[in-house]
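These are my notebook entries on a structure that I had not examined before. I set down what I looked up, in the order in which I looked.

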Amino acid sequence: MNLDIEFVRAQFPGLESPWVLFDNAGGSVPAGAVIDRVTRYMRSRGVQLGASYSLSSAAEADVRAGEAAAALLLGASTQETIVSHSTTAGLGILAAGIGPTLTEGDEIVVTNLDHAANIGCWLRMAAHHGLVVREWKIRPDTARLETDDLAALLGPKTRLVAFTQCANVVGELIDVRRVADVIRDNRKDTIVVADGVAYAPHRHVDVEAMGVDVYATSLYKVYGPHLSAIYGRASLLREAQGQNHWFIADDRIPYKMQPGNVTHELTAGLTGITDYLDAVAAHHDIRQPATRARHAAVFERFAAQEATLCARMLEGLLSHDAVSVVGPHDPSPAIRVPTIAFTVKDRHASEIPPLFDAHHIGLRYGDFYAPGAIDALGLAERGGVVRASLVHYNTLDEVDRFLSVLREVL
Ligand SMILES: Cc1ncc(COP(=O)(O)O)c(C=O)c1O
């Protein structure tokens, strides 16, 4: 059975609006189950955790269940899952903790493709601890990171490599396992950091299979509340310098990396993401007994639906004389997700979204906080790119509406 799109859309109160939402790489709308969990927590649990009275225990159980849901989504243990308010904040905290474990003169690698969240914190860490920074650059003709180029940057002193699993501007996927293997062939203890923020809304994440030490997701793009979940390998977290109160022991992971604790009501809401995946599984008669296997099967349906949308979008954009698609033209789910960047001949990118606003189609333009990629592609002066970013709850009708407006306004 294909994804039942009517059922899916009925799970998202935010989709009842007249808007066609093609800005999902910015943030998805939350599932109704998430809203219900947050509301329930705030209405009936709003007390502090850790006391002996039963209401406090019930609140604690809801928060711990939310943390477990985040860990489940990553394929990690709760000890290895740092819940934070954003990826930028979570990686920043982690970088502050990892820095003191490195030695002056050690080398790190960042890319010019990544969102700033997976660059800036490592550059700050390097500046504080006297580390040498190398840059893994995209090839300007393809906007791709090539592993041969990375291999040439690695050496005996490489201690950390940070890169993205999916380009948030152009939607192209990177084989994280392959990159991790190249990194470990050079030096076994290099810390492998992958940014999965633009990937996790589209595919089932498995941090063990990818062989990463750090992995970032922003759950407000995965149908959840405005939080992030950052995986950190247990041995790495234990060794890192704690960023919480000074008396929190080094083995209290992930707590030592969650200063001030998690946001209770939103963390409780994370269970709503897995409620949603379970509801889709039940509706589609997906019956694997293991929860992760069930969720993987649900994400396979999401990917199939997205591939159909992506193919129709690309076909329409590529056939328009004034439009140039930036990034892969192949809609195959092995290559990309339906985050589609384009430019329009003789137009500044800022001119395009307002043409669609009037038709209740939500798009966005800019550099998407990946200024290095936009610079390398020579698009900074044109305002970057226009980005239409779809997820599984979008429909072919919406794509057709977008394409017909495109033909009308350009
Ligand atoms: C690929 C990627 N990484 C990181 C981030 C930063 O996420 P956050 O807003 O949770 O800090 C974003 C945000 O758009 C992103 O697209």
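**Entry 1: helix H7.** What covers the buried residues of helix H7? Before answering, I note that this is a predicted model, in which local features need pLDDT of at least 70 and side-chain atom pairs count only at pLDDT 80 or more, while totals for chains, interfaces and linings use all residues. Residues are numbered from 1 along each chain as its sequence is written.

I found that the cover of the buried residues of H7 includes helix H6 (147-151), strand E5 (158-164), strand E6 (191-195) and helix H8 (207-210). I take helices (H or I, at least four residues) and strands (E, at least two) as DSSP runs, numbered from the N terminus. I call a residue buried if 20 or more other C-beta atoms lie within 10 Å of its own, exposed if 12 or fewer, and partly exposed in between, with C-beta atoms placed from the backbone. Two residues are in contact if their C-beta atoms, placed from the backbone, lie within 7 Å.

H7 runs over residues 176-186, and its buried residues are Val-176, Val-179 and Ile-183. They cover an arc of only 70° around the axis, which puts them on the same side of H7; the arc is that of the directions from the helix axis to the C-beta atoms. On the face turned away from that buried side I noted the exposed residues Arg-178 and Asp-185.

**Entry 2: Val-192.** I then turned to Val-192, which lies in strand E6. Val-192 counts as buried because it has 23 C-beta neighbours inside 10 Å. Setting aside residues up to four places away in sequence, I found that Val-192 touches Val-161, Ala-180, Ile-183, Gly-211, Val-212 and Asp-213.

**Entry 3: the whole protein.** I counted the secondary structure of the protein as 15 helices and 13 strands. Its radius of gyration is 21 Å, close to the 22 Å that the globule rule gives for 410 residues, so the protein is as compact as a globular protein of that length. The radius is taken over C-alpha atoms, and the rule is 2.2 Å times the number of residues to the power 0.38. Along its principal axes the C-alpha trace spans about 65 × 55 × 35 Å. Of the 410 residues, 48% count as buried. Among contacts between residues at least 6 apart in sequence, I noted that 69% join residues at least 24 apart.

**Entry 4: helix H4.** Why is H4 described as largely enclosed by the rest of the structure? The reason is that 9 of its 12 residues are buried. I list Thr-87, Thr-88, Gly-90, Leu-91, Ile-93, Leu-94, Ala-95, Gly-97 and Ile-98 as the buried residues of H4. They pack against strand E2 (81-84), helix H5 (120-129), E6, strand E7 (214-218) and strand E8 (228-232).

**Entry 5: around the ligand.** I looked up the 13 residues around the ligand and found that Ser-86, Thr-88, His-115, Val-197 and Ser-218 come nearest; a residue is near a molecule or strand if its C-beta atom, placed from the backbone, lies within 6 Å of it. The shell has 3 nonpolar, 9 polar and 1 charged residues. Ala, Val, Leu, Ile, Met, Phe, Trp, Tyr, Cys and Pro count as nonpolar, Asp, Glu, Lys and Arg as charged, and the others, Gly among them, as polar.

**Entry 6: helix H11 and what follows.** In H11 (residues 271-283), I found Thr-271, Gly-272, Ile-273, Thr-274, Tyr-276, Leu-277 and Val-280 buried. Their cover includes helix H1 (5-10), helix H2 (32-44), helix H3 (54-74), helix H10 (264-269) and helix H12 (291-318). Val-298 lies in H12 and is buried, with 23 other C-beta atoms within 10 Å. Leaving aside neighbours within four places in sequence, Val-298 is in contact with Leu-277, Val-280, Ala-281 and Ile-286.

**Entry 7: backbone exceptions.** Most residues other than glycine have a negative phi, and most peptide bonds are trans. Asp-285, in the loop between H11 and H12, has a positive phi near 60°; Asp-285 is exposed, with 7 other C-beta atoms within 10 Å. His-360 also has a positive phi, of about 60°, and counts as partly exposed with 13 C-beta neighbours inside 10 Å. Lastly, I recorded a cis peptide bond between Ile-253 and Pro-254, with omega about 5°. Pro-254 lies in the loop between helix H9 (234-239) and H10.

How values were computed: Expected span 1.5 Å × (residues − 1).
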